[in-house]
Amino acid sequence: MFSRLTPLWSRGFPPGAGTPRLTDTTTRCMNAGRRYFTHNSQLRQQASSPFNTPQSQKRNASTMYYAISIVLGTVSLAYGSVPLYKMICQQTGWGGQPVLTHRTGDGDTSARVIPVTDSRRLRITFNGSVSDVLPWKFTPQQREVRVLPGETALAFYTATNHGPADIIGIATYSVTPGQVAPYFSKIQCFCFEEQKLNAGESVDMPVFFFIDPDFVTDPAMKGIDTITLSYTFFKARYDDNGVLKPIPTN
């Protein structure tokens, strides 16, 4: 009686019946299952390695080159910014820095050095200072000079090294009032150049300059009778790349 309750899959098949044949519907279902699992396996492989495709490798290489270019550009800008700033200021008078020279035509400065005899004389005063870490004494030899626009003038500073060792210094300069800087033309000076003084040594440093004649015709220069030229010396040294740089103050 209980044998009737035996599940069909445990009864076996009648003798001689052989293995049951799969229908076409069953075959199609099995093939569809194989394709499904094969497709999912391929998707998992692609998801697990998204950077192995040629497009991804090309994109990664482009990003790397772009990053390297930014780093190299930043380093180049850091080394070139000081000379570039100095050149721009010397040509335009920005930041209160005197123009190196006013040149016209073929570059002959003498075309600008023509005293304006009917103009008032300008009072040029001089200042000198040093940074806290530089054991130098740096002073102007004259307190002031009076010049006509277009007239050349020569002034001197004296620097003395009171330190126990040889020291390299670099001088920066400025002009006040700042709006006069484009008309303050230096023919020769010691600024932005290496100045090495031995221990206990003193040297005289000349400044050869003139006020451009166009100063007279500029309405913004009316009422300006006194101009101050200031220099500051900083202790300097060469870095690992051979670039001369000032040493920060305390």
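A residue counts as buried when its relative accessible area is under 20%, as exposed when over 50%, and as partly exposed in between (1.4 Å probe, protein chains only). The structure is a predicted model, in which local features need pLDDT of at least 70, side-chain atom pairs count only at pLDDT 80 or more, and totals for chains, interfaces and linings use all residues. Residues are numbered from 1 along each chain as its sequence is written, and side-chain values use heavy atoms, with hydrogens and water left out.

pLDDT is the predictor's confidence in each residue, from 0 to 100. Its mean for the protein is 76, and 57% of the residues reach 70 or more. Over residues 75-96, pLDDT stays under 50. Where pLDDT is low, the predicted coordinates should not be read in detail.

Now for the rings. There are 14 aromatic pairs in the structure; rings of Phe, Tyr and Trp (its six-membered ring) pair if their centres lie within 6.5 Å, with planes under 30 degrees apart counting as stacked, over 60 as edge-to-face and the rest as tilted. One of them joins tyrosine 173 to phenylalanine 192, edge-to-face, at 5.6 Å centre to centre and 70° between the planes. Tyrosine 173 sits in strand β5 (residues 167-176), while phenylalanine 192 is in the loop between β6 (184-188) and β7 (195-197), 19 residues apart; strands (E, at least two residues) and helices (H or I, at least four) are DSSP runs, numbered from the N terminus. Phenylalanine 192 is partly exposed, at 22% relative accessibility. Both rings belong to a cluster linked by ring pairs, whose members include Trp136, Tyr173 and Phe192. Tyrosine 173 also has lysine 186 over its face, 4.3 Å from the ring centre (the cut-offs being NZ of Lys or CZ of Arg within 6 Å of the ring centre and within 35 degrees of the ring normal).

On to charges. Side chains of opposite charge can pair when their charged atoms come close. The structure has six salt bridges, each a side-chain nitrogen of Lys or Arg within 4 Å of a carboxyl oxygen of Asp or Glu. Aspartate 214 and arginine 112 form one of 2.8 Å, N to O. Aspartate 214 lies in the loop between β8 and β9 and arginine 112 in the loop between α2 (54-92) and β1 (122-130), so this bridge ties together parts 102 residues apart in sequence. Arginine 112 is buried at 17% relative accessibility, whereas aspartate 214 is partly exposed at 37%. Together with Asp212, these two are linked in a network of salt bridges.

How values were computed. Contact = heavy atoms within 4.5 Å.
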